[in-house]
Amino acid sequence: DPQLNSNYSFENFIEGDCNRLARSAGYAVAGKPGGTSFNPLMIYGGVGLGKTHLVQAIGNEIKRSLPDKLVIYVSCEKFCQQFVDSLKNNTINDFVNFYQAMDVIIMDDVHNFAGKEKTQDIFFHIFNHLHQSGKQVILTSDKPPKDLAGLEERLLSRFKWGLSADLQIPDLETRMAILKKKMYSDGIDLPGEVVEYVAHNIDNNVRELEGAMVSLLAQSTLNRKEIDLGLAKSMLKNFIKNSSKEISMEYIQKLVCEYFEVPVEMVKSKTRKREIVQARQISMYLAKSHTKTSLKSIGAFFGGRDHSTVIYACQTVEDLIDTDKKFKAYVQDIQKKLKMS
Ligand code: ADP
Ligand code: MG
């Protein structure tokens with residue numbers, strides 16, 4: 001199957017809290033395509049978190065254990081292109097028949113359907129045909145179905161029929177495991193402290209994590225040098241600079257205010273209402289930990305306050321993180337959103 005890439009398997013998809021539900025649902029579907037209530041199975045999450053890997057693994061597993069099943073993997077983009085081509089060539093029937101003959105369709109990145117009404121219509125019919133005949137539909141998307149903008153309601157409602165499971169940013173332990181697995185499969189070995197350093201510092205997504213390691217190796221080969229921690233640090237500095245976008249205070253403010261549903265202007269105002277103070281303090285804390293802005297400038301930005309107010313805010317937030325589980329979850333949630341941007 002040219003569309004399936006055999007490099008993606010369950011075996012090399014590291015399990016962690018970040019992907020446990022999605023992974024086990026995927027595994028269940030792979031064992032019984034069309035025969036579980038997970039139909040469609042929708043895997044969603046940010047860039048580079050393993051969506052393609054996981055759904056490819058499902059496809060490969062089905063081909064391995066049920067070789068007679070017809071499995072097609074197609075990116076939404078490619079599907080849209082094929083549809084346009086079939087319109088041009090007058091081969092719509094062939095196009096539809098091809099997909100309707102499948103036992104399993106895996107469509108990657110369905111958020112790319114946005115705005116493409118005709119293609120959505122065609123997919124709607126293909127989806128219905130397959131689903132009614134007990135065939136398996138597997139989808140990925142960068143957002144949960146409820147947040148997918150630009151998709152027709154009737155298609156979205158079908159996307160919600162089965163199970164939606166998300167992939168989150170892996171925690172440190174999982175990042176380490178992913179790096180180790182990758183080194184092992186590539187037959188390379190980096191010092192433990194280097195692996196740890198990479199896993200600690202690249203915490204946006206798995207693609208960047210692997211990218212950092214590949215870049216370290218490439219540079220060491222070119223320079224004919226062994227990679228020690230010092231070298232890794234200096235190499236990684238460039239990588240992080242090149243890859244991660246600057247987070248602005250405006251953006252932090254917007255995100256925090258959206259999260260707590262408070263108006264942006266209120267955060268900069270003098271009000272001491274509890275929820276506003278909380279939003280303001282968390283914004284200051286995030287500005288301190290995620291930007292290179294001075295305490296003075298942070299204070300000035302959030303309503304002309306002085307640097308000691310910022311210090312107090314950060315201290316308050318840190319204390320609450322230590323003592324209040326719910327508060328900690330809020331902050332982590334916002335931090336996650338911040339990093340996904
Ligand atoms: P997405 O489709 O969500 O953008 P990909 O599936 O392309 O992300 O994953 C990016 C890279 O990270 C791939 O090389 C993939 O193999 C790797 N990867 C992601 N998650 C894991 C995981 N849990 N275990 C091992 N490798 C992973
Ligand atoms: Mg992908």
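**Group meeting: a walk through the predicted model**

Taken along the principal axes, the C-alpha atoms fill a box of roughly 70 × 55 × 40 Å, and of the 341 residues in the chain, 45% count as buried. If we look at the contacts with a separation of 6 or more, 74% of them are accounted for by residues 24 or more positions apart.

The chain exposes about 17,800 Å², of which carbon and sulfur atoms supply 50%. There are 45 positive and 42 negative side chains, and the centres of these two sets lie 3 Å apart. There is also a negative surface patch, formed by Glu193, Glu196, Glu226 and Asp228. Of these, glutamate 196 lies in helix α8, which covers residues 192–201, and glutamate 196 counts as partly exposed because its relative accessibility is 41%, between the cut-offs of 20% and 50%.

Glutamate 61 is found in helix α2, residues 51–65, and at 16% relative accessibility, which is under the 20% cut-off, glutamate 61 counts as buried. Leaving aside residues up to four places away in sequence, glutamate 61 touches Phe10 and Ala30.

Next, tyrosine 312, which sits in helix α15, residues 307–323. Is tyrosine 312 buried or exposed? Its relative accessibility is 57%, so tyrosine 312 counts as exposed. The C-alpha atoms of tyrosine 312 and glutamine 100 are separated by 62 Å, and these two residues are 212 residues apart along the chain.

The peptide bond from asparagine 39 to proline 40 is cis, with omega near 5 degrees, and proline 40 lies in the loop between α1 (20–31) and β1 (41–44). Aspartate 109, although not a glycine, has a positive phi of about 65 degrees; aspartate 109 is found in the loop between β3 (104–108) and α5 (117–132), and with 22% relative accessibility it counts as partly exposed. Glutamate 261 is not a glycine either, and has a positive phi of about 55 degrees. This glutamate 261 lies in the loop between α11 (249–260) and α12 (264–268), and its relative accessible area is 70%, so glutamate 261 is exposed.

Key:
Residues are numbered from 1 along each chain as its sequence is written. Chains are lettered from A and ligands numbered from 1 in the order in which they are written. This is a predicted model: local features need pLDDT of at least 70, side-chain atom pairs count only at pLDDT 80 or more; totals for chains, interfaces and linings use all residues. Side-chain values use heavy atoms; hydrogens and water are left out. Helices (H or I, at least four residues) and strands (E, at least two) are DSSP runs, numbered from the N terminus. Buried means under 20% relative accessible area, exposed over 50%, partly exposed in between (1.4 Å probe, protein chains only). Patches are made of residues with over 30% relative accessible area and no salt bridge: like charges are joined within 9 Å, nonpolar side chains (Val, Leu, Ile, Met, Phe, Trp, Tyr) within 5 Å. Accessible areas come from the Shrake-Rupley method with a 1.4 Å probe; for residues, only the protein chains shown count as cover. A salt bridge is a side-chain nitrogen of Lys or Arg within 4 Å of a carboxyl oxygen of Asp or Glu. Lys and Arg count as positive and Asp and Glu as negative; His and the chain ends are not counted. The place of a charge is taken as NZ of Lys, CZ of Arg, CG of Asp or CD of Glu. Contact means heavy atoms within 4.5 Å.
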